[in-house]
Amino acid sequence: MLVEVRQWNKQDVLTVSSREVAQDFEKRHSDVLESIERLQTQLDSTENSAEYFMPETYKDASGKQNKEYLLTRDGFSLLVMGFTGEKALAWKLKYIRAFNAMEMMLKRIYEEKKQWEIERAKGVVIRHMLTDTIKMRMAESAHKRFAYPNYTKLIYKT
């Protein structure tokens, strides 16, 4: 499947042509167009279908202008989720595997972040204990004005 980067609303958007979708899923292009247009009418009542399907034209071998759509990633997913058949099933299974892998990665990142926050909180408590101890020991020292900041800087750097 040929994915291209197109400018849409002053942004780079990954798109795929409805003709490519028809070819890869072994469907007639007119049937794919019909499915897209059916989705557009359903979407227009709830949200903007232009975020999913961008109308375009192309010239066929005879030079005639024909309608096609450029599909964003979300438009592609929305369309293909309604397809049936062997190729559609294979795509849906790949989509599910990719989603599960993404979920596992996000969970791992979340756990690592949570662990990092716990370790950081422990470090803050320990540093406060050390600086409080220094403050108590330095209370009677003649050099407390200089020693306390120097010791605490050393602790925080460490």
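# Salt bridges, a patch and a helix

Student: What do the side chains of Arg108 and Glu112 meet in?
Tutor: The side chains of Arg108 and Glu112 form a salt bridge, at 3.1 Å from N to O. The model is a predicted one.

Student: Where do Arg108 and Glu112 lie?
Tutor: Both are in helix 4, 4 residues apart, which is about one turn of the helix. Arg108 is partly exposed at 45% relative accessibility, and Glu112 is partly exposed at 45%.

Student: How many salt bridges does the structure hold?
Tutor: The structure has 11 salt bridges. One of them joins Glu103 and Lys107, with an N to O distance of 3.9 Å. Glu103 and Lys107 are also both in helix 4, 4 residues apart.

Student: Is Lys107 buried or exposed?
Tutor: Lys107 counts as exposed, at 52% relative accessibility.

Student: Which residue does Glu37 form a salt bridge with?
Tutor: Glu37 pairs with Lys67, and the closest N and O atoms are 2.5 Å apart.

Student: How accessible is Glu37?
Tutor: Glu37 has 28% relative accessibility and counts as partly exposed. Lys67 is partly exposed too, at 41%.

Student: What else is Lys67 in contact with?
Tutor: Leaving aside neighbours within four places in sequence, Lys67 is in contact with His29, Leu33, Glu37, Glu56 and Tyr58.

Student: How far is Lys67 from Met136?
Tutor: Their C-alpha atoms are separated by 81 Å. Lys67 and Met136 are 69 residues apart along the chain.

Student: New topic. Which residues make the nonpolar surface patch?
Tutor: The patch is made by Met81, Leu89, Leu93, Tyr95, Ile96, Phe99, Met102, Met105, Leu106 and Ile109. The area is about 930 Å². Tyr95 is in helix 4 and is partly exposed, at 35% relative accessibility.

Student: Is Ser18 buried or exposed?
Tutor: Ser18 is buried, at 0% relative accessibility. Ser18 is in helix 1. Beyond neighbours within four places in sequence, Ser18 is in contact with His29, Val32, Leu33, Ile36, Glu68, Tyr69 and Leu71.

Student: And which residues of helix 3 are buried?
Tutor: Gly75, Phe76, Ser77, Leu79 and Val80 are the buried residues of helix 3, which runs over residues 73-80.

Student: What do the buried residues of helix 3 pack against?
Tutor: They pack against strand 2 (11-17), helix 1 (18-24), helix 2 (29-44), strand 3 (53-59), strand 4 (65-71) and helix 4 (86-138).

Student: What is phi of Glu26 near?
Tutor: Phi of Glu26 is near 55°, a positive value in a residue other than glycine. Most residues other than glycine have a negative phi.

Student: Where is Glu26?
Tutor: Glu26 is in the loop between helix 1 and helix 2. Glu26 is exposed, with a relative accessible area of 62%.

Student: Last topic. Where is confidence lowest?
Tutor: Confidence is lowest in strand 1 (residues 3-8), with a mean of 68, and highest in strand 4, at 93. Where pLDDT is low, the predicted coordinates should not be read in detail.

Student: What does the protein average?
Tutor: The protein averages a pLDDT of 84, and 91% of the residues score at least 70.

Conventions
Residues numbered from 1 in each chain as written. Predicted model: local features only at pLDDT ≥ 70, side-chain atom pairs only at ≥ 80, totals over all residues. Heavy atoms only, no water. Buried < 20%, exposed > 50% of the residue type's maximum accessible area, 1.4 Å probe, protein only. Helix = DSSP H or I, 4+ residues; strand = E, 2+ residues; numbered from the N terminus. Contact = heavy atoms within 4.5 Å. Patch = residues over 30% accessible without salt bridge, like charges linked within 9 Å, V, L, I, M, F, W, Y side chains within 5 Å. Areas by Shrake-Rupley, 256 points an atom, 1.4 Å probe, with all protein chains shown as cover. Salt bridge = Lys/Arg side-chain N within 4 Å of Asp/Glu carboxyl O. pLDDT = per-residue confidence, 0-100.
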